[in-house]
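Subject: A structure for you to look at

Hello,

Here is the structure I promised to pass on. Please open it beside this email and follow along as you read.

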Amino acid sequence: MKPYNEKLWQVDLSEMTAEWCGMFVPQPKVEDVVAGSKRRPHTSFGYNATFLYPKKGGIQVLSQALARGLDVRLNLAAEEIQWRDKMVRASNGGSLDYDSLVSTLPLAELLKRMPGLPPEVEAAKAKLRYTSVLCINLGVKRAKISDKSWIYFPEKQFPFYRVGFPMNFTPHIVPKGCSSMYVEVGHPPDKPADHKNPKFLKSIRSGLEKAKILRKSDKILVADFIPIRCAYVIYTPERKKNVETILKFLESTGIQSIGRYGAWKYSFMEEAIMDGKKAAEKISASNPASTSLSPSV
Ligand SMILES: Cc1cc2nc3c(=O)[nH]c(=O)nc-3n(C[C@H](O)[C@H](O)[C@H](O)COP(=O)(O)OP(=O)(O)OC[C@H]3O[C@@H](n4cnc5c(N)ncnc54)[C@H](O)[C@@H]3O)c2cc1C
């Protein structure tokens with residue numbers, strides 16, 4: 001568990017429970033650990049030893065397919081939820097009335113936008129903790145810089161905890177003669193990585209060279225930095241009780257807060273889609289005739 005999880009979670013591990021491990025951390029038998037120390041294991045471990053990925057168009061084809069035929073408004077933020085009046089105020093000044101609201105905003109962000117919360121919900125909200133990730137997407141001018149899907153880096157000498165290679169998921173998402181990779185760097189929310197400083201990318205590059213992924217002669221064609229402020233929910237001992245208090249309150253106001261960040265849990269894309277399906281089924285079961293909204297956004 002150490003030092004990898006210290007790099008990922010960015011907290012003293014004694015502040016966390018092991019509840020999140022569940023399906024995410026393989027639990028090999030002692031014999032497997034001993035055998036693995038002697039030779040490369042033949043069997044694969046973990047929930048994602050095999051996975052499906054769209055052949056063309058990147059992972060966003062999933063959301064594009066789900067959105068087909070729906071009225072989706074992008075670049076529009078929910079600024080305030082007037083939960084007593086069942087109305088959302090949007091960033092363009094418009095508003096949206098609702099009977100049922102499904103939110104995938106990080107739970108703490110949703111609550112921040114709901115003025116007048118009951119004191120026990122305010123208290124539970126104050127205890128929600130998370131950690132941040134800077135995701136660096138790199139395009140490199142050399143084909144097949146790795147044959148792996150992704151690699152974990154527990155060692156402190158590397159600034160990143162994981163590096164992945166989307167070009168190995170499908171060849172259709174990288175130009176010929178090039179490679180693509182994502183590099184994930186964990187940090188506490190209040191200590192963001194200084195990625196605008198050229199020294200930062202240099203330190204990432206030097207780590208990738210040390211790991212023998214990049215060569216000195218390699219040319220980085222593209223470097224795209226994506227800060228993910230709320231990236232991993234920290235499983236503190238009081239998380240479960242506080243999340244239950246909050247979700248129960250939201251439910252009583254007609255709001256379903258779902259998904260990895262909405263339900264404040266460690267989760268993955270497949271589960272997010274299933275959570276959405278369950279939320280839709282719950283709404284149609286409680287009111288089969290309801291479809292109408294009154295948007296003015
Ligand atoms: C570094 C990292 C790597 C990951 N790798 C994998 C992986 O390999 N495989 C996998 O299955 N899962 C992976 N995950 C998890 C996966 O990304 C999540 O489980 C999934 O995105 C959750 O979907 P969601 O719809 O619940 O939330 P999100 O995808 O976070 O969607 C929430 C949406 O709400 C929007 N939003 C926020 N605030 C507002 C507002 N005020 N108004 C309107 N909209 C707002 C956000 O812009 C966002 O689009 C990874 C996560 C991280 C952080």
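To start, which residue has a polar backbone atom 2.8 Å from a nitrogen atom of the ligand? The residue is Ala78. Please keep in mind that this is a predicted model.

An oxygen atom of the ligand sits 2.8 Å from a polar backbone atom of Met269, and a backbone N or O atom of Arg260 is 3.3 Å from an oxygen atom of the ligand. Taken alone, the ligand would expose 990 Å², and the protein buries 62% of that.

Now for the surroundings. There are 17 residues around the ligand, and the ones that come nearest are Ala77, Ala78, Gly259, Arg260 and Met269. Sorted by class, this shell holds 10 nonpolar, three polar and four charged residues. Two elements, α8 (259-262) and α9 (269-286), each give two or more residues to the shell. Of the elements, α8 gives the most, with three residues.

Finally, zoom out to the chain. You can trace nine helices and 11 strands in it, and the C-alpha trace spans about 60 × 45 × 40 Å along its principal axes. The chain has 297 residues, and 36% of them are buried.

Enjoy exploring, and write back with any questions!

Best wishes

Definitions and conventions:
Residues are numbered from 1 along each chain as its sequence is written. This is a predicted model: local features need pLDDT of at least 70, side-chain atom pairs count only at pLDDT 80 or more; totals for chains, interfaces and linings use all residues. Side-chain values use heavy atoms; hydrogens and water are left out. A residue is near a molecule or strand if one of its heavy atoms lies within 4 Å of it. A polar contact is a pair of N or O atoms within 3.5 Å; within protein, one must be able to donate a hydrogen and the other to accept it, and residues adjacent in sequence count only if both atoms are side-chain atoms. Accessible areas come from the Shrake-Rupley method with a 1.4 Å probe; for residues, only the protein chains shown count as cover. Helices (H or I, at least four residues) and strands (E, at least two) are DSSP runs, numbered from the N terminus. Ala, Val, Leu, Ile, Met, Phe, Trp, Tyr, Cys and Pro count as nonpolar, Asp, Glu, Lys and Arg as charged, and the others, Gly among them, as polar. Buried means under 20% relative accessible area, exposed over 50%, partly exposed in between (1.4 Å probe, protein chains only).
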